[in-house]
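Please keep the sequence and the structure at hand while reading.

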There are 2 protein chains.
Amino acid sequence: MKKAFVYIQSGGPTAVINSSLYGAIKEAKKHPDLIEGIYGSLNGIEGLLDDRLIDLEKEEEEDIELLKQTPGAILGTTRYKLPKDLHDPKYTKIIETLNRHNIGYIFVNGGNDSMDTCHKLHMLFEELHLDIKVIGIPKTVDNDLAITDHSLGYGSAAKYVINTVKEICIDASCYKKGKVFVIEIMGRNAGWLTASVDLLPSDARPDLIFLPENVFDLEKFLVDIKEIYLRQGHAIAAISEGIVFERDTSSARVDAFNHIQLGGAADALTKIIEKRLDLPTRSIELSLAQRAYDILLSKVDLEEAIACGEFGVKKALEGHSGEMVIIKRISEKPYRSEFALVDTINVANEERMIPSSMMKGVKMMDQSFRDYLYPLIQGEVPVKFEDGIIKAARFKKVLL
Amino acid sequence: MKKAFVYIQSGGPTAVINSSLYGAIKEAKKHPDLIEGIYGSLNGIEGLLDDRLIDLEKEEEEDIELLKQTPGAILGTTRYKLPKDLHDPKYTKIIETLNRHNIGYIFVNGGNDSMDTCHKLHMLFEELHLDIKVIGIPKTVDNDLAITDHSLGYGSAAKYVINTVKEICIDASCYKKGKVFVIEIMGRNAGWLTASVDLLPSDARPDLIFLPENVFDLEKFLVDIKEIYLRQGHAIAAISEGIVFERDTSSARVDAFNHIQLGGAADALTKIIEKRLDLPTRSIELSLAQRAYDILLSKVDLEEAIACGEFGVKKALEGHSGEMVIIKRISEKPYRSEFALVDTINVANEERMIPSSMMKGVKMMDQSFRDYLYPLIQGEVPVKFEDGIIKAARFKKVLL
C-alpha cells in the first residue's frame, strides 16, 4: 500500500540542513510506486501535533534547487521535547495527524535531542503496532553526535569559522599597538568547531585555543595573554562558547531540553582582561552566521548532506525504522565515506567530545585532529547571486 | 631627477585596501624612468617617523597578485595623529627619512583622519619648498568621506553586511517562538553601512533599521519591538554602532583622534529589552569581519580600488600634490564612474552623513538610497582557496 512521507527539521539549523531535505525529496520522487505524498511538517514535531503539514510537491522546482544554498530550516524548526510517557495525550494528537494523512515514513533531521524525538516515535509505533518508519538524519554544527564519524553541517561551519577567523586575525594584527581579541565560537559542550581554527597557518591564527573539554585556568590564561600582548602588540584567543569560568550566569536562560543558552563567554572574558590587565580588548562572537553561511559551503559537506537525505529515504522504503544514518570514513587519503544505520537509542541525548588524543595544550591540536577535519572542509561551492545578493529558496507552504 | 615612491596605509583596514596598493605598485612599475624605488611605510606614518620602510619590489609576484584578496592592511596601519605645529620635531624626523631615501611621492591610503595627515604633510612640504608630492587615496567602510561619491571598501563591506544579514535573518526566523535579534553594524557616526540592509527582500531582512543620523527613541523602539515580536514570534533590528541612547559609557576608550571606541550598542540594547520587555534576545555584532571579508568582495569596489591606486600614481607623476582622489558617478544605469582630484583640506576631518532625502522612517530607506548603493555591490569575485582556506599575501618586508 502506498504511504505518504513527512520530513521534519529539528533543533538549530546548519548551512546544509535544507540540502538533506533536497536529497530526500529527489529520492522520494523516484518512487511514485511506493510514496503517495511528499510532505513537510512545519516547525518540527509541532507540525504533527497541530496538523500543520505542507505539500512539498507544490513548491517550484527552482526553489527546490535553491534548497542547496538556503540557510535556516525552511520548514521551520523547534526545540520542543516530547513527553516521556508514551500514553501522554500529545501522542494521540500525533497519531491522529499521521493517520489523517496516511503517513508511512517520517524523517527527523536533527541533532542528539532530535534523535530522542526519533526514538520516542519509534517506540510508540512499535507499541501500537503501527507500520510507520522513522529514520533520523544527523545534523549539527557542534559535531557532538555519537557514533557517526562527523555530523552534517559541521564541515561547512568549520570552513566558515576557519576562513572568517583567518580574515579577522589578519585584520586584527595590523596595528603596532592593537588589542586583545577574544573570538567566541559555537559548539555547546564540545570543542570541535572551536578547534577547527587549528588548521590555520602560523601567521594568521589565534595565539590560544580553549575548548570545553579542558579545564579553563583563568589565571594561566591572563598570564599568557599578557605575555603575548607585550611581545607582539596584540593577542588573539579563540574560545568555545562552552568553556566554564566564574561569571555571572544568574540571568541565564534554559531551553526545552534544559541546556543553558550559551553565548557571552568572550564578552565576559574581555571584561575580566580589561579589569585585571588594563589592556584594550574586543570580543567577537561569530554567532548565527557560523551555522548559516551558505555563501561559503564545504563541497564535501554539501554532497554528503544531499546523499544522506537520499540514503535515509531508500532505507525507510526498505523497511528500516528507529535508526539514524551515520557516516563512516572508509579512507583518509583520498577521503571516502559511506553511510550506515544505527539505532537512535544509541545516539539520543548522547554528546561526543573531542578525544584527549586529539588535543595538545592551549596553542595547538594534535596532528590526528587535523587529519580528521581536513577532508571535511574541502571544495568550494559556487552559489547563485542575483544583483549582488545570494539567492535563497522561498516556499509557498501550501497546507494539506 | 628620479625619485622614490612610498605608500602609506592608515586607519581601519577594508577588504580592498590592499587592492589600491596593488594598483599603485602596478602603475609605478610602468614608470622606471621617473620612479627609482617603490617602498612601503610600516604602520602608516609611524614608518616615516621611525625610518621603517620596506622595498616592495623585493616581494614575490604571487604575493603582489594576492593583495587583491588579502584583508587587513598588509603594511600595517596606525591611528597616530601628527602634531598641529609643523615645527614640531616629529616633522624633522619625517623629513630626515624622506631625504635619506630620496622620496618624491607619498601616497596616503586612508579615511578622513588620514586625509588630515595628508594635508599636514603637504603644508609642510610647501613651507619647506620640498619637491615631494602627496596624494590621498580614499578608503573607509564607513563611507563618510566628503565630496567623493563613495569610498573604496564601502561596496564590499555593504555586500558583506547585506548578504550576512540575509543569512542571519533566514536562520533567525525559523523558530515559532524565537528571539529579539539586534544586529550591530559599523559606520561610526554615519549610517551608510547599516542602511545597506535595506536592499534585502521583505522576507529576509531586519524589521527595523536605526541610523545615527536620526534621533534614537528608545521608548518607541521598545513598543515597536514588542509589537513585532508578538505578531511574528521574532523581531530583528539592525542598528548602527553609532546610535546614541542612555547607557553606561563610563569605561569607554578613545583613540588618538579622540573618537570614542564604538561597539557594544547591540549588547546594551538587548539587556534593556530583556529587562523591560522580558523577551529572549540575542545581540549580534558583525564586528571586524564586515571590513575584512575578502571571501565576498564587490567586483565594482575591487576594480575601482585598483584603478584608484593607478590613478593616484599617474596624478602624482603629473605633479599633483595635496589632493585626494575622488570618485564621480557619471552614469547611474548602467553605472559608470571616473576619478578626479580635490584638495585634501576639503576632506580632512569632515564627516559625510546620509542626507535626509535618502531616509524614510525606521522600516526602510528611500528609493534614492537604493539607487545609490545598488551599483556598488555588483559582481562576485572568484578568490583563490588552497585546501579549503582562502589564500592571502605574505610580505617578507625587507627593510631599506
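## The contact between the chains

In this predicted model, the contact draws 66 residues from chain B and 65 residues from chain A. The area buried between chain B and chain A comes to about 5300 Å², and carbon and sulfur atoms give 51% of that area. On the side of chain B, the residues that lose the most area to chain A are B:Glu167, B:Tyr175 and B:Lys176, which together account for 13% of what that side buries.

## Polar pairs and contributing elements

Between chain B and chain A the count of salt bridges is ten. B:Lys176 forms a salt bridge with A:Glu46, in which the closest N and O atoms lie 3.2 Å apart, and B:Lys176 is also among the residues of chain B that lose the most area to chain A. Across the interface of chain B and chain A, 36 residue pairs are found in polar contact, counting pairs in which both residues have a pLDDT of 80 or more.

Several elements of chain B, namely α6, α9 (265-277), β9, α10 (289-292) and β15 (389-390), each supply at least two residues of the side that touches chain A. The largest share of that side of chain B comes from α6(B), with eleven residues.

## The parallel sheet of chain B

Chain B holds an open sheet of four strands in the order β7-β8-β6-β9, and the pairing is parallel. Because β7 (208-210) and β9 (281-285) of chain B stand at the edges, each with a single partner strand, one side of each is left without a neighbour in the sheet. From one strand to the next, the twist averages 15°.

Strand β6 (residues 180-185) of chain B pairs with strand β8 (residues 235-240) of chain B in the parallel sense over six bridges, and B:Ile183 stands opposite B:Ala238 in β8(B).

## Helices on the sheet

Helix α6 (residues 154-172) of chain B packs on the sheet, where it touches β6, β8 and β9 of chain B, and its direction makes about 170° with that of β6(B). Helix α8 (residues 218-232) of chain B likewise packs on the sheet, touching β6, β7 and β8 of chain B, with a direction that makes about 150° with that of β8(B).

## Confidence of the prediction

The model scores ipTM 0.95 and pTM 0.96. Chain A has an average pLDDT of 94, with 96% of the residues scoring at least 70.

Notes
Residues numbered from 1 in each chain as written. Chains lettered and ligands numbered in written order. Predicted model: local features only at pLDDT ≥ 70, side-chain atom pairs only at ≥ 80, totals over all residues. Heavy atoms only, no water. Pairing = 2+ DSSP bridges. Axes fitted to C-alpha atoms, helices over the stretch in contact; angles between N-to-C directions. Contact = heavy atoms within 4.5 Å. pLDDT = per-residue confidence, 0-100. Buried area = accessible area lost by both parts, 1.4 Å probe. Salt bridge = Lys/Arg side-chain N within 4 Å of Asp/Glu carboxyl O. Polar contact = N/O pair within 3.5 Å; in protein donor to acceptor, adjacent residues only side chain to side chain.
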